[in-house]
Amino acid sequence: MILLSPDQHTDYQLIDSGGFEKLEKFGPYVLSRPEPQAIWDKSLSEAEWDKRSNAVFKKDKNSQEKGQWITKGDMPDKWVFQYRTKELHLRTKLALSSFKHVGVFPEQATNWDFIARTLKQMPEDKPSVLNLFAYTGIASLAAKASGADVTHVDSVKQVISWSRENMDLSGLSNIRWVVEDALKFVQREVRRGNKYNGLILDPPAYGRGPDGEKWLLEESLNELLRLCAQLLKDKNFFFIINLYSLGFSALIVENLIKAHFGTEIKHEFGELFIPDSFGKKLPLGVFSRFSDQNV
């Protein structure tokens, strides 16, 4: 079991964490928002947090997730975030949503790099990649920018529209967009006999499909991975899964991967984290990934 943290961010910084909150810099703007795993004390004072913040998320009294942003000065509702490395140059729209999210999960950058490295080593003209629960699509952009034929699946139509904007901002084109429940889509692809070189999964703890389909991680993940094992090609392949659910162990993911993809698969698994500027490591989910490429 390993710990992974991105090390190539130029447009993001976790400044401080603690008191069930995190203080982050996205481009020129500093945001303060809830973080249930930051149970320790803050390193900076409350006054310093307030001084540095351009926007602060406040939860509604009767909601665990929903709330509103309190902004200062010329803080915009939307702006552009960049992820630039030797292999990738991705541009995406960020926005202050009513569910505290802004459109990017910075800890996933280590997987964007993995996608780029893996695809560029594959001896195929256009490797096929399926991104499930794809949200605003930065992993889809990383795959497309690395030469893949990408299918992007999410159950929320507005999020698909956001992903299209990100594709345009990044100067990319021809991603296949699918608004559908991920489990239903995978079931249909298995029946059709379709196969993919790469599978990317970032399922939520709970959610709803476009027709009200219920998703609970602990109830549906086993079946989803059983089907995904049938979708992955036997050669020139990679697989990534991320899970952000409090109390969900990386050992659960290890057991599922071995059960459905075989014990011979050499996979990495563990936790994703980002250190704040004071050295505190903020855990941001568990992951597993593997490939038959030499990455």
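Leucine 130 is positioned opposite leucine 199, a residue of strand 12. In this predicted model, the pairing of strand 12 (residues 198-201) with strand 9 (residues 128-132) is parallel and runs over four bridges. Strand 12 also pairs with strand 15 (residues 238-243), again in the parallel sense and over four bridges.

An unreviewed UniProt entry places the feature "domain: S-adenosylmethionine-dependent methyltransferase" at residues 89-251. Within the model, the span 89-251 is 38% helix and 23% strand, and the C-alpha atoms at its ends lie 34 Å apart.

Aromatic side chains were examined next. The count of aromatic pairs in the model is twelve. One of them joins phenylalanine 239 and phenylalanine 290 in a stacked arrangement, with 5.3 Å from centre to centre and 15° between the planes. Phenylalanine 239 belongs to strand 15 and phenylalanine 290 to strand 17 (residues 281-291), so this pair ties together parts that are 51 residues apart in sequence. Phenylalanine 239 has a relative accessible area of 0% and is therefore buried. Phenylalanine 290 likewise counts as buried, because its relative accessibility is 2%.

Phenylalanine 290 also forms an aromatic pair with phenylalanine 261, and this pair is edge-to-face, at 5.3 Å centre to centre and 65° between the planes. Phenylalanine 261 lies in helix 7 (residues 250-261) and phenylalanine 290 in strand 17, so the pair ties together parts that are 29 residues apart in sequence. With a relative accessible area of 15%, phenylalanine 261 is buried, since buried means under 20%. Together with Phe237, the residues Phe239, Phe261 and Phe290 form one aromatic cluster.

Two lysine residues were found over tryptophan rings. Lysine 42 lies over the face of tryptophan 49, at 3.9 Å from the ring centre. In the other case, the charged end of lysine 93 sits over the ring of tryptophan 162, at 4.9 Å from the centre of that ring.

Threonine 85 was considered separately. This residue is located in the loop between strand 7 (78-84) and strand 8 (89-95). Its relative accessibility is 14%, so threonine 85 counts as buried. When residues up to four places away in sequence are not counted, threonine 85 touches Gln8 and Asp113. The threonine 85 side chain also reaches the backbone nitrogen of glutamate 87, at 3.2 Å. Between threonine 85 and serine 277, which are 192 residues apart along the chain, the C-alpha separation is 21 Å.

Terms used
Residues numbered from 1 in each chain as written. Predicted model: local features only at pLDDT ≥ 70, side-chain atom pairs only at ≥ 80, totals over all residues. Heavy atoms only, no water. Helix = DSSP H or I, 4+ residues; strand = E, 2+ residues; numbered from the N terminus. Buried < 20%, exposed > 50% of the residue type's maximum accessible area, 1.4 Å probe, protein only. Contact = heavy atoms within 4.5 Å. Polar contact = N/O pair within 3.5 Å; in protein donor to acceptor, adjacent residues only side chain to side chain. UniProt positions renumbered as here; feature names shortened; annotations may be inferred. Pairing = 2+ DSSP bridges. Phe/Tyr/Trp six-rings, centres within 6.5 Å; stacked < 30°, edge-to-face > 60°. Lys NZ or Arg CZ within 6 Å of the ring centre and 35° of its normal.
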